[in-house]
Amino acid sequence: MFLLIMLLSLFTPNQAGPSPAGMKLALLKYNGGGDWYANPTALPNLARFCNQNLGTALDIEYATVEVGSPELFNFPFLHMTGHGNVVFSDMEAQNLRQYLLAGGFLHIDDNYGMDPFVRVAMKKVFPELEFAELPFNHEIYRQKYAFAGGLPKIHKHDDKPAQGYGLTWQGRLICFYSFECDLGDGWEDQDVHNDMPEARANALKMGANLVQYVFQQ
């Protein structure tokens, strides 16, 4: 219920700018040595884009929250990124599980090299679930911005098609995993990666779709 109340409070009519009392997007801090702190300008830019284009009142400053912290439950949208190892303790895995079952949402964005580690870590959280690639007609690709071909390709990585995977619990998508894509890099300041304007725009639009999807559930 706490998550539902917070989500509903975000969509205030005709309010496009950030509010000091606005909800924050959250970055997940995990153990294992992976660079959970990658892409520091990504979430502020996504928040600005959502405020300007979705009418949200997100705080531009994001929160950083540890996997095992009770503070996790204060944030309906959780973003996780990095290039390397990810390790969840038993307590952390249980805390993240309870957060997701309580209505929270996790977006995992492989910043290149994270895939083999995050799959093992999430299996500890939901041993009964498997990541499944979402069809292109899934709601997450049909929010304000339509992506008829699914997840947009932002960075080359291994030069394979971008793929969007999900964990679904009782009909609700609780975790979206963007792979071979790098949405977070596309959200960063333009001079960080020098992405083409179209690629950066697509990354922000897809990010806005994720936020809108979460807030409408």
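In the predicted model, strand β3, helix α3 (residues 90–101) and strand β4 form a β-α-β unit of right-handed sense. Strand β3 spans residues 77–82 and is mostly covered, with 6 of its 6 residues buried. The side chains of Phe 77, His 79 and Thr 81 point one way from the strand, while Leu 78, Met 80 and Gly 82 point the other way. Residues on both sides of β3 are buried.

Strands of a sheet pair through backbone hydrogen bonds, in either a parallel or an antiparallel sense. Strand β3 pairs with two strands in the parallel sense, namely β1 and β4. The pairing with β1 (residues 26–29) runs over 2 bridges, and in it Ala 26 stands opposite Leu 78 of β3.

The chain as a whole contains 7 helices and 7 strands. Along the sequence, these elements follow the pattern α-β-α-β-β-α-β-α-β-β-β-α-α-α. Of the 217 residues, 56% count as buried. Among contacts in the chain with a separation of 6 or more, 76% are accounted for by residues 24 or more positions apart.

Two packed helices are described by the angle between their axes and by the distance between the axes. Helix α3, the helix of the β-α-β unit, meets helix α4 (residues 115–125), with axes that come within 8 Å and cross at roughly 75°. The two helices α3 and α4 are therefore roughly perpendicular to each other. On the α3 side the contact involves Asp 90, Ala 93, Leu 96, Arg 97 and Leu 100, which meet Met 122, Lys 124 and Val 125 of α4. By class, this contact comprises 5 nonpolar residues, 3 charged residues and no polar residues.

A crossing at roughly 75° is also found for helix α2 (residues 42–53) and helix α7 (residues 197–216), where the axes come within 9 Å. This angle makes α2 roughly perpendicular to α7. Helix α2 contributes Asn 45, Leu 46, Phe 49 and Cys 50 to the contact, and helix α7 contributes Arg 200, Leu 204, Lys 205, Gly 207, Ala 208 and Val 211. The residues of the contact of α2 with α7 divide into 6 nonpolar, 2 polar and 2 charged.

Most residues other than glycine have a negative phi. Gln 170 has a positive phi, near 50°. Gln 170 lies in the loop between β6 (163–169) and β7 (172–179). With a relative accessible area of 74%, Gln 170 is exposed, because a value over 50% counts as exposed. Asp 182, which is not a glycine, likewise has a positive phi, of about 75°. Asp 182 is located in the loop between β7 and α5 (183–187). The relative accessibility of Asp 182 is 1%, so Asp 182 counts as buried, the cut-off for buried being under 20%.

Technical notes. Residues are numbered from 1 along each chain as its sequence is written. This is a predicted model: local features need pLDDT of at least 70, side-chain atom pairs count only at pLDDT 80 or more; totals for chains, interfaces and linings use all residues. Side-chain values use heavy atoms; hydrogens and water are left out. Buried means under 20% relative accessible area, exposed over 50%, partly exposed in between (1.4 Å probe, protein chains only). Helices (H or I, at least four residues) and strands (E, at least two) are DSSP runs, numbered from the N terminus. Two strands pair if DSSP finds at least two bridges between them. A crossover is right-handed if, with the strands pointing away from the viewer, the path from the first strand over the helix to the second runs clockwise. Axes are lines fitted to C-alpha atoms, for helices over the stretch in contact, and angles run from 0 to 180 degrees between N-to-C directions. Angles under 35 degrees count as roughly parallel, over 145 as roughly antiparallel, 65 to 115 as roughly perpendicular and the rest as oblique. Contact means heavy atoms within 4.5 Å. Ala, Val, Leu, Ile, Met, Phe, Trp, Tyr, Cys and Pro count as nonpolar, Asp, Glu, Lys and Arg as charged, and the others, Gly among them, as polar.
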